[in-house]
Amino acid sequence: MRRERQRGRLTSAQTLTLLGAAAGLLALFLALETWVRDPLMPLRLFRLRSVATANVVGILWSAAMFAWFFVSALYLQLVLRYSAMQVGLAFLPANLIMAAFSLASQPKW
Amino acid sequence: MRFGIRVPLAAGLALTAAGLALFALSPVDGSFALHVLPGMALLGIGCGMAMNPVLLAAMSDVPQSESGLASGVVNTAFMMGGALGLAVLASLAAARTDRLLALGADSLAALNGGYHIAFAIGAVFAAVASLLSAVLLRAETNSLALAGKREQNEALDRRLVGLDFHSIPRRTR
């Protein structure tokens, strides 16, 4: 596992090239959406402050969340030596609490 | 919504940041009750509180004809943030672990040190998100507009939990 890591390092040529290509394609997409008359994704939507804020918040939050799911499972398994079943059960309280609070914060119309 | 959008969103994200910060302090020989459960509980409360408000904020003030677009965009933001965040934070954790190993730390401490970096940066992300929502969202949402969107939002909820993910409509022209 450790030997394979060399190729996929954050600063390897492969990673940086792919990241650069992704950024270039994103810029191209934004430019096209600005130029064409009837864009697939009208960028004026982001002029609404609530929409723009919610999307930035969504990106930051999900970045933290997905990484937490992955890394905390690794922590439980590799550092605390939990079995796969124990890792699953360790996540259960968080998910039950999440469900309860999500239901409790349902909008009341 | 009983508490509006801004307060539960900012509070939920702050609790998420606190839970991640607890994980960033977890020791090599941590116990479940002392070092795992508190962070899990904070993350559960925080994410549960923040989920509905962030979706409502993403849809608020959007004209009805573009609500499908707005829901698709926030879905994409979640997926993109998740993919990027996981890739970057896991890489940083691996890099930190390699560095600690090279410095002569034992393998468990090195692994744990790498994970700490990922949790700490995740906590910073959540804290920044909390701050942004507290500063940039308006305290009051237009409840009339929200009431008019009830069906739309229910449809959005169904889509976002993945029950009929492929039914996201094209923008009506």
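This is a predicted model: local features need pLDDT of at least 70, side-chain atom pairs count only at pLDDT 80 or more; totals for chains, interfaces and linings use all residues.
## Fold of chain A

Three helices and zero strands make up the secondary structure of chain A, giving the pattern α-α-α along the sequence. Among contacts in chain A with a separation of 6 or more, 6% join residues 24 or more positions apart.

## Interface with chain B

Chain A and chain B bury about 5,900 Å² between them. Of this buried area, 73% lies on carbon and sulfur atoms. The contact involves 57 residues from chain A and 73 residues from chain B.

One salt bridge is found across the interface of chain A and chain B. The salt bridge pairs the side chains of A:Arg44 and B:Glu66, with an N to O distance of 2.7 Å.

## The side of chain A that touches chain B

Two helices of chain A, α2 (49-79) and α3 (84-104), each contribute at least two residues to the side that touches chain B. The most comes from α2(A), which gives 27 residues. Sorted by class, this side of chain A has 40 nonpolar residues, nine polar residues and eight charged residues.

Technical notes. Residues are numbered from 1 along each chain as its sequence is written. Chains are lettered from A and ligands numbered from 1 in the order in which they are written. Side-chain values use heavy atoms; hydrogens and water are left out. Helices (H or I, at least four residues) and strands (E, at least two) are DSSP runs, numbered from the N terminus. Contact means heavy atoms within 4.5 Å. Buried area is the accessible area (1.4 Å probe) that two parts lose on being put together, summed over both. A salt bridge is a side-chain nitrogen of Lys or Arg within 4 Å of a carboxyl oxygen of Asp or Glu. Ala, Val, Leu, Ile, Met, Phe, Trp, Tyr, Cys and Pro count as nonpolar, Asp, Glu, Lys and Arg as charged, and the others, Gly among them, as polar.
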